Each structure stands twice: as C-alpha cells, then as structure tokens.
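Good morning, colleagues, and thank you for coming.

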Amino acid sequence: AKAAGRNTLRFFDPDMQAAVNARSHLEAELRQGLARAELLVYYQPVVDRHARLIGAEALVRWRHPRRGMIGPGEFIPLAEQTGLIFPLGQYVLQHACAQLQRWGRHPDTAALSISVNVSARQFRQPGFVAQVLQTLKNHGADPRKLKLELTESLLLGDIEDTIARMGQLKNEGVGFALDDFGTGYSSLSYLKRLPLDQVKIDQSFVREVLANPNDAAIVRTILTLAKSLDLQVVAEGVETTGQLSFLRRHGCEAFQGYLFGRAGPVEDIDAFFYPTC
Ligand code: C2E
Ligand code: CA
Ligand code: CA
Ligand code: CA
C-alpha cells in the first residue's frame, strides 16, 4: 500500500483491485438491468400429496445481454449489500401480485397462492408492511394468496419488531413461510413465537434423505415438530419418487422440486391446467 493524500491508503494489489472493479461493474450492470427490464420472474410449481398444483414460488432470474441467464445466487447477495434488493424485491412483488390477480379471475386457478422470497434487509426496511399492502391493493390481488418466505437470519435481529411486522401483514391475510428450515439459527422457542403458516424443509436434507440416516432423522423431526406447532410443511428439492414417498410416508403435505417442475415462465404453470394447449 502506498500513501495517497493525507489519510487515505491506496492499494495496488492487482487481484484485489480486479475483484473490486468486477463487483462495482456488476453493481452498475444490475442497476441498469433493473431499469431495462432484464430481470425476469420465474415460477416453480408447489404441489400437494396428489401432485395437484397448489401454488408457485416466484424466483428471479437475470437475462444478461451478453452473459445469458444468470441465477439469483450470483446477484442477490450483491443486491442485498448495495441496497438494490429494495427495488428488486419490489419488482418481484409487483410481478407476483399481478399474477395473483390474473389467476384470481379464473375458477381453475383462483385457489393458487404465490410465495415470494423476502430478504431480511428488505423486511426490516421502514415502510415495508405498507408497501406490501399497497402493492396488493394496486394490483387487486387477494392478500390471502400471498406468502412471504423469510429465512432464519431474521431471528438474529429485533424479534419483537419482526413479530409486530408479521402480525400487521397477517391481519390482512398475508401468510408466512420460514425458508431453508434447519440450515440457520432457529431456536425452537423463537420459532413458536413467530406467526408462521409454513416451514420449508431445505433441499440439502431432502437430497440424501434415503441414503443418509441423519438427514432422514432431521426430516422426520421437522415434520413432527411442524405438526405439533400446526404448521404446513413444504419439502424443497424433491427430485425422485423415492424421496417423495419417504416424505409422504412421514406426513409431508406439500412438495416442490424438479420431479414436478423447474422454475420457468408463468406459461409453464398454466400448462398444468391446460396440458393439451
Ligand atoms: P430458495 O428460496 O431456497 O429457492 C429454491 C431454489 O432451489 C431455487 O434456486 C430453485 O430453482 C432450486 N430448486 C428447486 N427445486 C429443485 C430441485 O429439485 N433440485 C435442485 N437441485 N434445486 C431445486 P434459484 O432459483 O437459483 O434460487 C436460489 C435462491 O435465490 C433462492 O433459494 C432464494 O434464496 C434466492 N432468491 C430467488 N429469488 C429471489 C427473490 O426474488 N428475492 C430474494 N430475496 N431472494 C431470491
Ligand atoms: Ca424460497
Ligand atoms: Ca428454500
Ligand atoms: Ca435455499
């Protein structure tokens, strides 16, 4: 490092400088991508024990002009760090509400719910509750069909504030799921205090549920716990009929995974109802 001016140090480590450049480049591109409608909202089916569609999870994608389709794992963390998660999250929420309104108009699809991922930073933003309710209203979407997926990282923050915010949305009918359950910081006493409707078993436990006795035990424990707390359970990452039958045998009632469908454009969900079209 070399002194540059009075109180600043400028680093000339080329690797570090390259990483910083790449990051700020990506940030600028993401900002632009949002403005240019390069972000797409895909939907993955959620089904019941009879493989009937009961809803979908909204999952964002970035159709980059040069790099092609980029998954959220590559830009959500950056969006969280830079605050771009606020406009990005709002964009996904608007998309989901518009879709709920469309489904609400037809008897075949009126019961479907949509789950939207909400990052902790977004959830804690002042005005988040009002923004969600306003977005539902603007699109004429039924709040009872919207589920917000929160992660256990939320439990690290002000728990009273979390409970209060959830309560305000629940009063209007909005549901809550605890995502990636089992991977984070959950304390069972906190879990009981949150006004949740659903927990989602993380796919890392489902993946080897047949091969790994520890994973099988964890999955069974989550299912038992959820039942006693009166929470619906969605198993994520279901790829095989073997995994499905294990989960069903132990009382799981909702499923998501490649066995039923990947995240795709909303037309793929409509094809569940009109397979011959
Ligand atoms: P998640 O919420 O746990 O979403 C499930 C992820 O598992 C999705 O990855 C989905 O495509 C993938 N998946 C579903 N079924 C299977 C399966 O059978 N096998 C395997 N191997 N994978 C499966 P995706 O779309 O890449 O999303 C990754 C993460 O990015 C999400 O994990 C979520 O945490 C985050 N994310 C996505 N969209 C949003 C968003 O709009 N807002 C926020 N805050 N986060 C988002
Ligand atoms: Ca999720
Ligand atoms: Ca998950
Ligand atoms: Ca995950």
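Which residue bridges the calcium ion (ligand 3) and the calcium ion (ligand 2)? In this predicted model, that residue is Asp179, and the two ions lie 3.9 Å apart.

Let us stay with the calcium ion that is ligand 3. Its protein donors are Asp179 (OD), Asp180 (OD), Glu236 (OE) and Glu236 (OE), at 2.2 to 2.5 Å from the ion. Along the chain, the donors follow the spacing D-D-x55-E. Asp180 belongs to strand β8, residues 175–181, whereas Glu236 sits in the loop between β10 (232–235) and α10 (241–249), so this pair ties together parts that are 56 residues apart in sequence.

The two residues of that pair may also be described by their accessibility. Asp180 is partly exposed, and its relative accessible area is 26%. Glu236 is buried, with a relative accessible area of 8%, which is under the 20% limit for a buried residue.

I now turn to a pair of helices. How do α3 and α5 pass each other? The crossing is right-handed. The axes of α3, residues 85–104, and α5, residues 128–139, come within 9 Å and cross at roughly 35 degrees. On the α3 side, the contact is made by Gln90, Leu93, Gln94, Cys97, Ala98 and Gln101. On the α5 side, the residues are Gln131, Val132, Thr135, Leu136 and His139. By class, this contact of α3 with α5 has five nonpolar residues, six polar residues and no charged ones.

Thank you for your attention.

Definitions and conventions
Residues are numbered from 1 along each chain as its sequence is written. Chains are lettered from A and ligands numbered from 1 in the order in which they are written. This is a predicted model: local features need pLDDT of at least 70, side-chain atom pairs count only at pLDDT 80 or more; totals for chains, interfaces and linings use all residues. Side-chain values use heavy atoms; hydrogens and water are left out. Donors are N, O and S atoms within 2.8 Å of the metal (3.2 Å for Na, K and Ca); water is not among the atoms, so sites may look incomplete. Helices (H or I, at least four residues) and strands (E, at least two) are DSSP runs, numbered from the N terminus. Buried means under 20% relative accessible area, exposed over 50%, partly exposed in between (1.4 Å probe, protein chains only). Axes are lines fitted to C-alpha atoms, for helices over the stretch in contact, and angles run from 0 to 180 degrees between N-to-C directions. A crossing is left-handed if the near helix is turned anticlockwise from the far one by less than a right angle, and right-handed if clockwise. Contact means heavy atoms within 4.5 Å. Ala, Val, Leu, Ile, Met, Phe, Trp, Tyr, Cys and Pro count as nonpolar, Asp, Glu, Lys and Arg as charged, and the others, Gly among them, as polar.
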